Amino acid sequence: MGAVCAAAGLAAAKLDGMRDAEGARLAEDIMLRCGVIRALVARIEVLAPGITQAYHLRLKERVRELTEGAVAIPEDRIAVEAAIFADKSNITEETVRLDSHLRQMEAAIKGDGASDGRKLDFLVQEMNREANTIGSKANNIEVTNMMIEIKGEIEKIREQIQNVQ
């Protein structure tokens, strides 16, 4: 009976070791993906102010084309339309919240090593929500492409989290 208990104890210890090693690899992968997302969001934040400026110029040009110069549209009216667009397309709130979710996820993973899968799953859900909102406000192909990359990384994180118990 003693040999069976010793063998079972050894097998349990090896299993725990394997689970610890797998958990470390999962944590490393998730942290890497959080870094990729953070880098993409930083690039989007750099592009965001230029999107509004480009819209203002496109709007002026489009009005000129449509009216063929026959109607003078006051510059302040175009500026108002551009300001409305800028307000609707502002992604600052979403990028701040996305960064907060990334920080919370990293803190949970770096924590005591006993991350709660439900909490991590909730954070992924919130990250997806912010990414969707940023994507819907983007109105820029470069930002849209980066959002597709971000959503891909979030999905990979979700898949890894499914392995957390």
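Here is a walk through the chain, from its overall shape down to a few single residues.

First, some ground rules: this is a predicted model, where local features need pLDDT of at least 70, side-chain atom pairs count only at pLDDT 80 or more, and totals for chains, interfaces and linings use all residues. Residues are numbered from 1 along each chain as its sequence is written, and side-chain values use heavy atoms, with hydrogens and water left out.

Let's start with the big picture. The chain has five helices and zero strands, so reading from the N terminus you get α-α-α-α-α (helices are DSSP runs of H or I with at least four residues, strands are runs of E with at least two, and both are numbered from the N terminus). Now look at the outline: the C-alpha atoms fill a box of roughly 100 × 20 × 20 Å along the principal axes.

How much of the chain is tucked away? Buried residues make up 28% of the 165; buried means under 20% relative accessible area, exposed means over 50%, and partly exposed is in between, using a 1.4 Å probe and protein chains only. As for contacts (heavy atoms within 4.5 Å), 79% of those with a separation of 6 or more link residues 24 or more positions apart.

The C-alpha atom of Gly 23 is 9.8 Å from that of Gln 160, although the two are 137 residues apart along the chain. Gly 23 counts as partly exposed because its relative accessibility is 35%.

Next, find Glu 106 in helix H3, residues 92-110. Glu 106 has a relative accessible area of 13%, so this residue is buried. Leaving out residues up to four places away in sequence, Glu 106 touches Met 31, Cys 34 and Arg 38. With Arg 38, the side chain of Glu 106 also makes a polar contact of 3.0 Å (a pair of N or O atoms within 3.5 Å; within protein, one must be able to donate a hydrogen and the other to accept it, and residues adjacent in sequence count only if both atoms are side-chain atoms).

Finally, visit Asn 139, in the loop between helix H4 (117-137) and helix H5 (141-161). Its phi is near 55 degrees, a positive value in a residue other than glycine. Most residues other than glycine have a negative phi. Asn 139 is partly exposed, because its relative accessible area is 45%.
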